[in-house]
Amino acid sequence: MFKPKKTCDAELNEISKLLIMAHHGWGKTTQFGHYAKEYGKGFILSGESGLMSVKDHDIDYLPFSSWDGPHDPEKDVYSFRGIVRMMQSPEFKAMGYKWIGLDSLTELADRLLETLEEKHKDNKNTFEKWGEYARLLTGALKWIRDLPTHVCVTCLAQEETNDNGVIEYWPMVKGAKVGKQIPGLFDHVFCGIRSTDGDRDNPVVTRRLITDEVRGWHGKTRDPRGRLTPIMDTANVVELFRLMDMSDEQFAEYQSKKGK
């Protein structure tokens, strides 16, 4: 029986796949708190030193200290690959997580490169190391992206001056070529920016989100109704997803209230 699906089916709009990229201290990890409030139960793969910014939320997580090194849950030692294997178990699936977070891609890439540098330490052909690095890192990201839940991956941003002397911002991972491929793996790439106004004694810090190619940042979004502007006056990514998920009537009402 030929029964095609429809592009307007609700199932296409139910889950989001996001890469959030910003400098230190913008509030990338804080987004997991917004996810918990909006979507409910979530799980974080954490390669960072701590999750203090979401300490006031009850979110499950496991910390990884290597790509595929020692993994012994009884001793509270975990590797990224070991956690991935646990995530494929019936026990994990039974937890009913609504979203998955990776904090952060920068740390995961560093742990992978550490493993490959040891593996290829006697290999004079560096192309093999970097080829394996690109294959494994993009493969891991695709696996996380394709999980049947909301996905939020955090990443530090790094500056790069292009051939025209223009500063651009890309995911901070080793290997510039790989870093430039990563945004293409996600439906949404939001870039966090921060500005400071006021005087020294009374500074006012404003955080915003870039959703498009703006000021050297490589943001993007799947926004078929055109609800988002290139720069959004919010530091909460969930607010952007709410706007995109609104019906036309709801969005018109939102616009009306916003204009008052």
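Reply: Happy to; we can start with the whole protein and then turn to one strand.
Reply: This is a predicted model, in which local features need pLDDT of at least 70, side-chain atom pairs count only at pLDDT 80 or more, and totals for chains, interfaces and linings use all residues. Residues are numbered from 1 along each chain as its sequence is written, and side-chain values use heavy atoms, leaving out hydrogens and water.

Me: Ok! How many helices and strands does the protein have?
Reply: There are eight helices and eleven strands. Both are DSSP runs numbered from the N terminus: helices are H or I with at least four residues, strands are E with at least two.

Me: And how much of the protein is buried?
Reply: Of its 260 residues, 43% are buried. Buried means under 20% relative accessible area, with a 1.4 Å probe and protein chains only.

Me: Now strands. Why is E4 called largely enclosed?
Reply: Strand E4 covers residues 99-103, and five of the five are buried, so the rest of the structure largely encloses it. Trp99, Gly101 and Asp103 lie on one side and Ile100 and Leu102 on the other, with both faces covered.

Me: Which strand does E2 join, and how many bridges are there?
Reply: E2 (residues 42-46) is joined to E4 by five bridges, and the two run parallel. Two strands pair if DSSP finds at least two bridges between them. Opposite Gly101 of E4 stands Ile44.

Me: What about E5?
Reply: E5 (residues 150-161) also runs parallel to E4, with four bridges joining them. There, Gly101 has Cys152 as its bridge partner.

Technical notes:
Buried < 20%, exposed > 50% of the residue type's maximum accessible area, 1.4 Å probe, protein only.
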